[in-house]
Amino acid sequence: MEPILAVFVGALFTVAIYLMMSRHTIRILMGVMIFGNAVNLLIFTAGRLTRDVPPIIPAALDVPEIATANPLPQALILTAIVISFSFFAFLLVLGFRAYQELDTDDSREMRLAEPKDDPLPPLGY
Amino acid sequence: MAAPSGAAVDISQAMVVAEAPLADWLVIAPVAYCLMAGAGLMMLRKYVKLQPRLAVFGLLALVAMTAGLLVHVLSGGTVTVTMGRWLPPFGISFSVDILGAILAFTASLVALACGLYAAQDVDKTGRRYGFYPLLFLMMAGVIGAFVTGDIFNLYVWFEVLLIASFGLQILGSERQQLDGATKYALLNLVATTIFLIATGFLYGIFGTLNMADIALQAREMGATAPLYTLAALYLLAFGMKAAAFPVAFWLPASYHTPKVVVSALFAGLLTKVGIYALLRTMIMLFPEQRDELATLIAIVAVVTMILGTLGALAQTDYRRLLGYLVVSGIGVMLAGIALATPLGLSGSIFYALHSIIVMTALYMAAGMAARIGRSFSIAQLGGIYRSHVLFAAISLVLFLSVSGLPPFSGFWPKAVLVKASLDAGIWWLAASILVTGFLTTIAVGRVWAHAYWKPADTTPPESPMMIPTATLRPSATYLPLIGLVALTAVFGLYPEPLLVLTERSAEQLLDPGSYIQSVFPEAAQ
């Protein structure tokens, strides 16, 4: 199972990086979203895929008796999902507002902060 | 699902049973306090007159807490507390050594200065949209990153400070800000995601996220695990966060767009969190792998510092020039990481502290110059020396300090780094640090000559956009600036105590024995 997932994660990264190299904000945003999901799947795979019982310790014991599934990767992914989801929501609004205000979603034409025809600094006193 | 009471369970196997001493709560206090203060101020966001006062007192309390933490760490060594009392490596540990404590203290000083400055710089709308709550939340992220001992937790704090910084970046919603914020937000998110990729692989290799545990195991693993890949990924991720060449261009594209006080905060704190994370991962966790990458880091350092100053030389806008100087400073700090000798690291840490204070103060100075001259362009500014002699003197001190000229705080770390590179026999690193200092002097010298010394141009500048129209109330705006300038002057004239501290923190990074012992008391050799 791990090799299949590893290839799948690689494919997701490829798609994400391809999209992020685009000039258009909306494609970059989709790339960022796929990038985030690829990472989540990567953590899941790196945490080893085991088909064990849930990590619940019987009431009378203080350590589990038998091997249990590792809950930590899921906790990590849950955190990462929440973070990447909220960031994506913010970026989507930011991208939309930038499109409205700057009248373009082409990152090459977003030159308001760094104008192309910036004057040279004073060369003499 | 509660366990039946009376079951004889020996919790000491899995939990910390001893009560934490009262002083150890100082480790968690600044972070928890910042989160609570941010939430409290968020509820009071409509009381725009009350906000700055509450925030300044709140930031004073934060400075007191981090000062207490620094004293505690200096007297008692590295302090570790573990959340939920679960024994490390299962609980999330917060471990503070001298490096973390001193950076947290300096960061809170700068936050206080910015809180004071913002009382003049951020208008009522900015306050209502949450400048002060976001400032506290960002400080929670910054200080959390400095004190945490868990690498996934470090990622979480990076994201906390990042989302708060997005809010600060677009405060005002001007077109320029949206442009800058788009680039800042996307590229920083990619950087933290690369950090998360590296952390996912790290967990797959080590099965632990506790930094002390990783440091222990990495030394045993050696070449049996793909640690070079990990170290290279962390170098890319944190290099991007710190704005090192070739992944630095988000910084000059965005740092001049927000309000001046926000730029000041960002320039002081955010890139240094990246440098701190590089120090932690490269020096403490993966020293062998860093040795292999040392030449690469040195080349990156040289290119970053030289291109940063060349970029600064090409700018007309006061703030954009400063953005490039921030990048150039990152190159100087990377030089110490490339050397990884006690002297070199000490120089890097000293430079980071110097840069936190001076870059913040320089952005504040740019804001004040723009209020006086109604423009950020050094071609249009002029005559500040004649009209505001005290402010001109303060700016000159900052210019000398950022160029690394004595008797100010920029001189010592550069001198230390040049000596460290010559000791290591890397003459080109030493030479480029000196050339950087020279080019920086030219860049800021031109600002001084045109904006301050030259008589004012009589033609009125067109479109003084983004410059607050409030009249300059000297006491309130001068106070934070004078405070920061006093710090750079004092540590320039009397650097001995700070040098001792940075040397001790460099030694702790190079030999993490005391850090590991503070997390695993019984595992110490």
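Two residues are in contact if their C-beta atoms, placed from the backbone, lie within 7 Å. The legends below describe close-up views of a predicted model.

**View 1. The contact between chain A and chain B.** Chain A contributes 35 residues to the contact, and chain B contributes 42 residues. On the side of chain A that touches chain B, helices α2 (25-46) and α3 (72-102) each supply at least two residues. Of the elements of chain A, α3(A) gives the most to this side, with 13 residues. By class, the residues on the side of chain A that touches chain B are 25 nonpolar, five polar and five charged.

**View 2. Strands β1 and β2 of chain B.** Strand β1 (residues 79-82) of chain B runs antiparallel to β2(B), and four bridges join the two. Within this pair, Thr80(B) is found opposite Ser95(B) of β2(B). In strand β2 (residues 93-96) of chain B, Ser95(B) points the same way as Ser93(B), while Phe94(B) and Val96(B) point the other way. Residues on both sides of β2(B), Ser93(B) and Ser95(B) as well as Phe94(B) and Val96(B), are buried.

**View 3. Helices α8 and α11 of chain B.** The axes of helix α8 (residues 211-221) and helix α11 (residues 260-285), both of chain B, cross at roughly 35° and come within 10 Å. From α8(B), the residues that take part are Met211(B), Ile214(B), Ala215(B) and Ala218(B), and they meet Arg280(B), Met284(B) and Leu285(B) of α11(B). The contact of α8(B) with α11(B) holds six nonpolar residues and one charged residue, with no polar ones.

Conventions:
Residues numbered from 1 in each chain as written. Chains lettered and ligands numbered in written order. Predicted model: local features only at pLDDT ≥ 70, side-chain atom pairs only at ≥ 80, totals over all residues. Buried ≥ 20, exposed ≤ 12 C-beta atoms within 10 Å, placed from the backbone. Pairing = 2+ DSSP bridges. Nonpolar A, V, L, I, M, F, W, Y, C, P; charged D, E, K, R; others polar. Axes fitted to C-alpha atoms, helices over the stretch in contact; angles between N-to-C directions.
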